[in-house]
Amino acid sequence: MKLYIAVLDEFPDYMTPTLVAHAMLGAHLHFTKCHTDLARIVDDGPYKYPQYIDWLENSFKKCVVRVSQKEFDKIAALRHVYIGHEKKTLDGRDSCVVVCPYTNSETLPNVLKFAKLWKPKTNE
């Protein structure tokens with residue numbers, strides 16, 4: 001199991017660590033349901049995302065990938081994602097998607113399978 005963090009390629013490198021940190025914290029709260037009210041926890045159950053809890057406890061593998069707008073849109077449309085942004089960068093546009101880990105029996109979408117690992121742009 002691996003957690004994917006997709007960063008829009010337009011996002012400036014110098015702000016990427018902040019974006020990823022904020023998005024990952026938001027995703028953790030979302031996937032563990034720490035941010036919801038008690039009635040919703042009771043209705044949905046505390047482990048609506050058991051694959052995230054399994055990843056958190058048993059794997060913790062993750063990778064950050066740099067994606068185009070087209071790839072970003074495909075990833076954002078996947079099931080069980082958390083979408084993040086920075087208010088003062090790219091006019092507050094969505095720019096990071098954290099994908100809840102797929103179980104070992106699920107097929108990883110090609111858009112994630114073939115995404116390039118994030119690395120700094122050479123022209124900045």
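View 1. Glu10 is partly exposed at 38% relative accessible area, where buried means under 20%, exposed over 50% and partly exposed in between (1.4 Å probe, protein chains only). This is a predicted model, in which local features need pLDDT of at least 70, side-chain atom pairs count only at pLDDT 80 or more, and totals for chains, interfaces and linings use all residues. Residues are numbered from 1 along each chain as its sequence is written, and side-chain values use heavy atoms, leaving out hydrogens and water. Glu10 forms a salt bridge with Arg93, their closest N and O atoms 3.3 Å apart (the term asks for a side-chain nitrogen of Lys or Arg within 4 Å of a carboxyl oxygen of Asp or Glu). The two residues are 83 apart, Glu10 in the loop between β1 and α1 and Arg93 in the loop between β3 and β4. Helices (H or I, at least four residues) and strands (E, at least two) are DSSP runs, numbered from the N terminus.

**View 2. The salt bridge of Arg66 and Asp13.** Here the N to O distance is 2.8 Å. Arg66 belongs to strand β2 and Asp13 to the loop between β1 and α1, so the pair ties together parts 53 residues apart in sequence. Both Arg66 and Asp13 are buried.

View 3. Arg79 and Glu106 form a salt bridge, with 2.8 Å between the closest N and O atoms. Arg79 is partly exposed at 27%, and Glu106 is partly exposed at 31%. In the loop between α4 (69–76) and β3 (81–84) you will also find His80, a non-glycine residue with a positive phi near 50°.
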